[in-house]
Structures are given as C-alpha cells and as structure tokens.
Amino acid sequence: MSGFDKVVTSYEEALEGLEDNMTIISGGFGLCGIPENLIKEIKRKGTKGLTIASNNAGTDGHGLGLLLEDKQIKKMISSYVGENALFENQLMSGELEVELTPQGTLAEKMRAGGAGIPAFYTATGYGTPVGEGKEVREFNGRHYILEEALSGDFSIGKAWKADRHGNLMFRKTARNFNPSAITAGKIAVVEVEEIVEVGELDPDEIHLPGIYVNRLIKGTFEKTIEQRTVRSA
Amino acid sequence: MALTRDQLAKRVAQEFEDGYYVNLGIGIPTLAANFIPDDMEVMLQSENGLLGMGPFPLDEEVDADLINAGKQTVTMVKGASLFSSAESFAMIRGGHVDLTVLGAFEVDCQGNIASYMIPGKLIKGMGGAMDLVAGADNIIVTMTHASKSGASKLLSECTLPLTGKGCIKRVLTDLALLDIEGGKFILRERAPGVSVEEIANLTSGELVIPDNVPEMVF
C-alpha cells in the first residue's frame, strides 16, 4: 500500500486491528451484497463481544449467521432478524441482544454517521416502541423523533468493481446498505469482485468515491441465494 | 363469501393509477402486481434499492445480485433504476411513492396500525414497515377482517405495539373496503355476498354504514 493505493492482499491484513468488543457496521440485505469473506475472516479470527449494525443477521451457516456459531456477537442492530434459527435461540436465552431499528432509519443512521451528522429527526417510529424514550419535536404540525447516527470502529462492505484507489461501483440490488455502511466505519474495509487500474473507471460512473475506503481486497464469492424464485417460459 | 387472495389482490390493483410508483408489501400486496391492467404503467418500488421491479426471472436469468424485499430473485423492467437503501428510504420517507400496500395484524379507527410484533412471541423485526407507514400518504392495509376464532381486527384501539400512529386511511379486508375518517371506520364496499350486518358484527371499532354499500366488482 502506498499513496492512494488501498489494495491489501490478505484477509488477515484487511481486518488487522479488529479487536474484541468493537462495533462493526456492515453492508448487505439478506445475503445479497454481503461481505461474505470478511465475515469468514472475523470467524477465523475468533473476535468476540462484537456489536454489529446490519439490516439482517444472515441465515444459519451463511453471512453473519456464521458468527453466531461461536457466539462472537454480543449485540445486533437490525431491522429484520427472522431468518435464522441460531439467532432466535441466542436471543431467547439472553446471550444475544438485539436493537430493532426501522430499515430506513438504520440506513439513515449509517449515512449520518459517515456524513458527520450526529442525529436527525424522523417521523418513522413516532408513537411506537421504537420512539420510546426518544426526544420528540413537532415540525409543521407533525411529530418526529430524534434518532442518533451510527458509527463503528470498522465498517465492512462488498462492491462489484473498484480501482486501486477504492473508487467503487456496485451491481444491481447488491448495492443496498453498502455505500452508507462503508462510510460509517473509522476503518472501512471493502471486498470486491474485480480491481482495475486507476483511470479505468469512468469518474461519472463511480457510486462511492475512494475517500471513504481504507482497505480494499479482491475476493471470490459464493453469492448464496435465499429465495430462488423463477417463472416458467 | 370472503374474498380469496386473488380477489383481494385484484381489488388492490383497482387502486392503481397510470403513472403510479407503488410499494407492495410481502404476501397479498405483492400479488396485486399480477393484476396491473395492460393499458396502465405502474412502477414497483422494492425497498432494497430498485424502482421498476419486474416478474420472477426465467431459470437462466436468475441473478444473486437482483432480489426484492422478500429476498426473492426478480427481474427489472425497462426504465428501472438502482440505488442504495438510504436513497430508497429517502424516496419513501420523502413521500415520493404514490401508493403503499401492506399487511397488518390490527388497525384501529384512529388510523393506528400494528403489524410487526406480538408480545411473548418471537419478534422478528419491522423491516421497512415503520418507514413506509410514516412516509406514505396513500396507504392501503390488506388483512383478514377477523381472526379464525372470530375476533375483530378492526378495533377502537390497537392492542398490539404500533407500527405507526394515525397514518392509515384505507383498509381492505376479506370482507370489506373501509376508510378511516374522524375516528371512525366508514364502510365503502362489501365483498360479494357478504352482508352489512356480518361486517358490522366483526368490526369492533366504531363503524359508519352509509345508506348504500355496494358490492365489490371485479
């Protein structure tokens, strides 16, 4: 690594400095666009007591579900966690804590975290359990609650293509939480399917500028499909 | 007769207008996409970052990077666009989606909705439902009118934790179409063969019955 070159060559190096009890912000929606190899590296490292903000918690044996096997996660900040039996067991037994956060609020908390905005007002969750204990303000006759930004010691994300400076392009709905999540970590680690030389990407086509990315690694991906639905010709 | 799932979906689709951007929740709302009239253009918004969702792919078209909010593989229509979750909820929260259709456990005549949490049972999460009900002006809730044991789900006050407060104005059940106005349910249409009395008996919130309550026409 030199200058703006963000490329690292091993997953070990990609997550160097990740320690017990840290907070990680992760991209992905279901198993789509998840940083699957970075998650596997966290499993291999055996880092424990983690707080992870991610829309979902993976499934049994896939994605963040892998980190539940060795009880590496202390707390999840998610909008929907209903696809994982191990998660349910650990939640019921009190080994795992979950902070359910509306999906749009979660995305905005990450975006705000990366954009230097400490908190924002939203109507989402007013008058519901999500709004309990939060500051309420009225604007133009409507009630809004104050939601605080999220930031992490690390953020982990998955993009489709990058140049060596970490300028990123995502592919289809694998973009999802990734651009916001990546910006919200002190150390942002991104894995991609392809790394090209600087100058090969059209600056107009870049979805997330490399300024937000600290470490970049090329991986190979399983891309597990949760619900394979097809129509007949 | 109570409406079938397809009839519910057909009635939902009658609310579509040409040029509408629509967000359809998981289950019956999603089925409504099958009944968009041929002469109408409707763009489906999928909250995970797609505007212009198409049907399920052919076997050879399946792409792990292209799914809907239910994590099912889908396709894109011509004119589709892709964006981040933050952008997706900016358009939802900002009121840019013309119609939102979603399911619920309970609604009440104050326009409150409970759809994500039954205390004592496992809590899976609200996903995008809280953002959708808070952000949209035009929402249709689809649900069964009463539980299997005959307990009304159209209440004077929701008993379950709320997904949104005072945000629901229209409810389509398997028995009736109702509006919510001024703290009351207004009976607008009834399912074919279902009597006003039957609907009234299964509606526990205050119900206004206009002189003429037509049967739904499909």
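In this predicted model, the side chains of Glu61(B) and Arg231(A) meet in a salt bridge, with 3.7 Å from N to O. Between chain A and chain B the count is 7 salt bridges, while 27 residue pairs are found in polar contact across the interface. Among the elements of chain A, helix 4 (85-92), helix 5 (103-115) and helix 6 (178-183) each give two or more residues to the side that touches chain B, and the largest share, 6 residues, comes from helix 5. By class, this side of chain A has 19 nonpolar, 19 polar and 13 charged residues. The contact takes 51 residues from chain A and 48 residues from chain B, and the two chains bury about 4,100 Å² between them, 60% of it on carbon and sulfur atoms.

The structure holds 29 salt bridges over all chains, including these:

| Salt bridge | N to O distance |
|---|---|
| Lys71(B) and Glu83(A) | 3.6 Å |
| Arg164(A) and Asp5(A) | 3.0 Å |
| Arg190(B) and Glu215(B) | 3.6 Å |

Lys71(B) lies in the loop between strand 3 (50-53) and strand 4 (76-82) of chain B, and Glu83(A) in the loop between strand 3 (73-78) and helix 4 of chain A, so this pair joins two chains. Lys71(B) counts as buried at 5% relative accessibility, whereas Glu83(A), at 27%, counts as partly exposed.

Within chain A, Arg164(A) forms a salt bridge with Asp5(A), a pair that links distant parts of the chain, 159 residues apart. Arg164(A) is partly exposed, with a relative accessible area of 28%, but Asp5(A) is buried, at 18%.

Notes: Residues numbered from 1 in each chain as written. Chains lettered and ligands numbered in written order. Predicted model: local features only at pLDDT ≥ 70, side-chain atom pairs only at ≥ 80, totals over all residues. Heavy atoms only, no water. Contact = heavy atoms within 4.5 Å. Buried area = accessible area lost by both parts, 1.4 Å probe. Salt bridge = Lys/Arg side-chain N within 4 Å of Asp/Glu carboxyl O. Polar contact = N/O pair within 3.5 Å; in protein donor to acceptor, adjacent residues only side chain to side chain. Helix = DSSP H or I, 4+ residues; strand = E, 2+ residues; numbered from the N terminus. Nonpolar A, V, L, I, M, F, W, Y, C, P; charged D, E, K, R; others polar. Buried < 20%, exposed > 50% of the residue type's maximum accessible area, 1.4 Å probe, protein only.
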